[in-house]
Amino acid sequence: MAARAATLPHSRHRGTPVVGTVTRGTTNPNRLRRMDRWIAATHGAELRRAGDPVAVDLGYGAAPWTAVELLTRLRAAAPHARVVGIEIEPERVAAARPYEREGLAFRHGGFEIPVPGNPVLVRAANVLRQYDEAEVAAVWERLCARLAPAGGGSRGGLLVEGTCDEIGRRHVWVALGPEGPRTVTFATRLGSLDRPSDLAERLPKALIHRNVPGEPVHAFLRDFDRAWAAAAPYASYGARQRWIRAVRDLTADWPVTDSPARWRQGEVTVAWEALAPVR
């Protein structure tokens, strides 16, 4: 885990402290579909094994669409999954309450994650984008400490934190376990892509200011663009085949952790250690 950052801000509502600050809360239906599908595919087994498969949608925003959709997508992989949407703005929680049903609830709170026990999943999309880079390490550490611990054949809970555009065409996220960061995933609607480095504008807060010469994420995106250019002949078979060819070439120099089954979805996942910022 990265070194602890500056102390996180606190807000108060009726005397109860919550950790964090109010963000813009912008959201759209279906915006997080790429992240949700990846979670269901890669973390569904952990949710199925869990005695109480609780997932948290942290900072769902001004409308509850992302929490509603997360429940539907997780239950396709883990039928007993439950979702708790958490928002730091009390008015947003009140507005979401009419959407509660079996398996779906909404709570007022922040990075302290006000749910009993340890969730198997915490999803925080487009939340840290509005914080300072110096605050990211402390947020990650706090959230990872709330995850279900590893043990008994389980790797423990998962924190998925990242950023996407307004309609979910381009998305980059970091996956973290109780021990800290594991991987970085780049996901896109391939038909909208000119070159892979277009995803740079959606890097999560921990990486977005590191896309400069001398930093690993900059070198990765440079190499990805080169592989994409070299794969241009495959474009005649479609953008998907070009992406698959480019990612396959990347595996010669970068620790890609997923397989062609995920590449076909317009994704590639890389070990965090390869892209971690230079300290």
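The model is predicted.

## Helix 1 and helix 2

Helix 1 spans residues 33-49 and helix 2 spans residues 65-77. Their axes lie 8 Å apart, at an angle of about 45°. That angle makes helix 1 oblique to helix 2. The crossing of helix 1 past helix 2 is right-handed.

On the helix 1 side, the contact involves R33, D36, I39, A40, G44, L47 and R48. Helix 2 meets them with E69, L70, R73, L74 and A77. By class, this contact has 6 nonpolar, 1 polar and 5 charged residues.

## Helix 6 and helix 7

Helix 6 (residues 216-230) packs against helix 7 (residues 239-250) at about 125°. The axes of this pair are 8 Å apart. Helix 6 and helix 7 are therefore oblique to each other. Helix 6 passes helix 7 in a right-handed crossing.

Helix 6 brings F220, D223, F224, A227, W228 and A229 to the contact. From helix 7 come A239, R242, W243, A246, V247, D249 and L250. The contact of helix 6 with helix 7 divides into 10 nonpolar, no polar and 3 charged residues.

## Cavity

How many cavities of 30 Å³ or more are there? The count comes to 1. The largest cavity holds about 110 Å³ of space.

Its lining consists of 16 residues. T21, G59, I88, V127 and Y131 lie nearest the centre of the largest cavity. The lining of the largest cavity has 8 nonpolar, 6 polar and 2 charged residues.

Methods
Residues are numbered from 1 along each chain as its sequence is written. This is a predicted model: local features need pLDDT of at least 70, side-chain atom pairs count only at pLDDT 80 or more; totals for chains, interfaces and linings use all residues. Side-chain values use heavy atoms; hydrogens and water are left out. Axes are lines fitted to C-alpha atoms, for helices over the stretch in contact, and angles run from 0 to 180 degrees between N-to-C directions. Helices (H or I, at least four residues) and strands (E, at least two) are DSSP runs, numbered from the N terminus. Angles under 35 degrees count as roughly parallel, over 145 as roughly antiparallel, 65 to 115 as roughly perpendicular and the rest as oblique. A crossing is left-handed if the near helix is turned anticlockwise from the far one by less than a right angle, and right-handed if clockwise. Contact means heavy atoms within 4.5 Å. Ala, Val, Leu, Ile, Met, Phe, Trp, Tyr, Cys and Pro count as nonpolar, Asp, Glu, Lys and Arg as charged, and the others, Gly among them, as polar. On a 1 Å grid over the protein atoms alone, a cavity is a set of points where a 1.4 Å probe fits but cannot get out, and a pocket is an open set with protein on both sides within 12 Å along at least five of seven lines; lining residues have an atom within 4 Å of a point. Grid points are joined across faces, edges and corners, and a volume is the space filled by probe spheres set on the points.
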